[in-house]
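Here is a short report on one protein model.

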Amino acid sequence: FDLVIMDEASQLKPEDAIGAICRAKQVVIVGDPMQLPPTRFFERIGDEEDLEEEDAHVADEAESILDLAQQVYKPTRMLRWHYRSRHGSLIAFSNKEFYHNQLVIFPSPIPKSSEYGVKFVHVSNGVYENHRNIIEARRVIDAAFQHMRHRPHESLGIVTLNIVQRELIENEFEKRLKTDPHALRFITAHDKGLEPLFIKNLENVQGDERDVIYISVTYGPDRYGRVFQRFGPINGPAGHRRLNVLITRARKRLVVFSSILPEQIVINPESSWGLRALKAYLTYAHTGVLDQATFTGREPGSDFEIEVA
């Protein structure tokens, strides 16, 4: 080839990419090191006997062609304009947490709106057992059918934090779909376009975007009110990258359905970046406040500095 362009290079294993590179006079390798790496996740869980083993084994990530290219070709160039989010709150957390505030974000003319931004729904009676949260799933499905009835012009995607919850929502969704003509019209209309409704888990949502995204956090207290500090692939070494993909799929509105409040997530100095970021993101979604100030430890130089702080 005269030119080879590799997109989503963070997910390409070197052995899958090297053949095309060897046949190219010039190569452009494009990807985001803060998005999903190549993974053996789906190669491992054919029987899905115990998905909580994700905690231990999802660390089995491979190096990508993007990782190798960043070592060989310097300097790398960053594409800084963020085009997707039509409201700054949709990308503000990722910009701060993962991109060192380097993204150029176009401000929305609407500071607060029911139509734009990040929303938080606390499912206070949600129960997590057997890797799923039935009550939370039903809340998500109820909201999805309300969306399809009242906002048929907005495309919709639903994302869960594990596979079992995704399958639960899919099955319940299909049962209700048969008796709801508004939902059937929504599905038919959007299937004809480029953005049909999807229900996915966070492992396979990279590259997708929709007007509205619903997230089922899934994890939460058991029937006795105990919250076990296990959060599947979010706990893994690349958990922060999974979270970043998850929370940046929406153009207009992202709604977080969570049976767990941020203060119920326990972190310590050994906690993974993914777990710390999940707690921080739930705090942000719940309060709407993004802590962007940095305490330097120095005394203020003037009364003006004190007032600004």
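## Phe 93 in helix H5

The model is predicted. Phe 93 sits in helix H5, which spans residues 89-97. Its relative accessible area is 4%. Buried means under 20%, so Phe 93 is buried.

Which residues does Phe 93 touch, leaving aside neighbours within four places in sequence? The contacts are Phe 98, Ile 247, Ala 277, Ala 280, Tyr 281, Tyr 284 and Leu 290. Val 289 is 196 residues away from Phe 93 along the chain.

## Helix H8 and its buried face

Helix H8 covers residues 181-191. Its buried residues are Ala 183, Phe 186, Ile 187 and His 190. Viewed down the axis of H8, these buried residues fall within an arc of 95°, so they line one face of the helix. A general rule applies here. An α-helix has 3.6 residues a turn, so residues three or four places apart point the same way.

What do the buried residues of H8 pack against? The partners are helix H6 (134-150), strand S6 (156-160) and helix H7 (163-177).

The N-terminal end of H8 is capped by Asp 180. A side-chain oxygen of Asp 180 lies 3.0 Å from the backbone nitrogen of His 182.

## H6 against H8

The axes of H6 and H8 come within 8 Å. They cross at roughly 75°. That makes H6 roughly perpendicular to H8, because angles of 65 to 115 degrees are counted that way.

From H6, the contact draws on Phe 145, His 147, Met 148 and Arg 149. From H8, it draws on His 182, Ala 183, Phe 186 and Ile 187. By class, the contact has 5 nonpolar, 2 polar and 1 charged residues. Ala 183, Phe 186 and Ile 187 are also among the buried residues of H8. His 182 takes part in this contact, and its backbone nitrogen is the one that faces the Asp 180 cap.

## H9 against H10

Helix H9 runs over residues 239-246, and helix H10 over residues 273-287. The two pack at an angle of about 35°. Their axes are 7 Å apart.

H9 contributes Gly 239, His 240 and Leu 243. H10 contributes Trp 273, Gly 274, Ala 277, Leu 278 and Tyr 281. The residues of this contact divide into 5 nonpolar, 3 polar and no charged.

## Loops and backbone

The peptide bond from Lys 74 to Pro 75 is cis, with omega near 0°. Where is Pro 75 placed? Pro 75 is in the loop between helix H4 (65-72) and strand S3 (81-82).

His 100 is in the loop between H5 and strand S4 (104-105). Asn 101 is in the loop between H5 and S4 too. Phi of His 100 is near 55°, a positive value in a residue other than glycine. Phi of Asn 101 is likewise near 55°. Are these residues exposed or partly exposed? His 100 counts as exposed, at 64% relative accessibility. Asn 101 counts as partly exposed, at 44%.

Glu 270 lies in the loop between strand S9 (250-258) and H10. Its relative accessible area is 66%. The cut-off for exposed is over 50%, so Glu 270 is exposed. Glu 270 and Ser 258 are 12 residues apart in sequence. In space they are 24 Å apart, C-alpha to C-alpha.

Ala 20 belongs to helix H1 (residues 14-22). At 26% relative accessibility, Ala 20 counts as partly exposed. Setting aside neighbours within four places in sequence, Ala 20 is in contact with Phe 1, Val 4 and Met 6. Val 104 is 84 residues from Ala 20 in sequence and 33 Å from it in space, C-alpha to C-alpha.

Val 164 is in helix H7. With a relative accessible area of 19%, Val 164 is buried. Val 164 and Gly 225 are 61 residues apart in sequence. Their C-alpha atoms are 21 Å apart in space.

Terms used. Residues are numbered from 1 along each chain as its sequence is written. This is a predicted model: local features need pLDDT of at least 70, side-chain atom pairs count only at pLDDT 80 or more; totals for chains, interfaces and linings use all residues. Side-chain values use heavy atoms; hydrogens and water are left out. Buried means under 20% relative accessible area, exposed over 50%, partly exposed in between (1.4 Å probe, protein chains only). Helices (H or I, at least four residues) and strands (E, at least two) are DSSP runs, numbered from the N terminus. The arc is that of the directions from the helix axis to the C-beta atoms. Contact means heavy atoms within 4.5 Å. A polar contact is a pair of N or O atoms within 3.5 Å; within protein, one must be able to donate a hydrogen and the other to accept it, and residues adjacent in sequence count only if both atoms are side-chain atoms. Axes are lines fitted to C-alpha atoms, for helices over the stretch in contact, and angles run from 0 to 180 degrees between N-to-C directions. Angles under 35 degrees count as roughly parallel, over 145 as roughly antiparallel, 65 to 115 as roughly perpendicular and the rest as oblique. Ala, Val, Leu, Ile, Met, Phe, Trp, Tyr, Cys and Pro count as nonpolar, Asp, Glu, Lys and Arg as charged, and the others, Gly among them, as polar.
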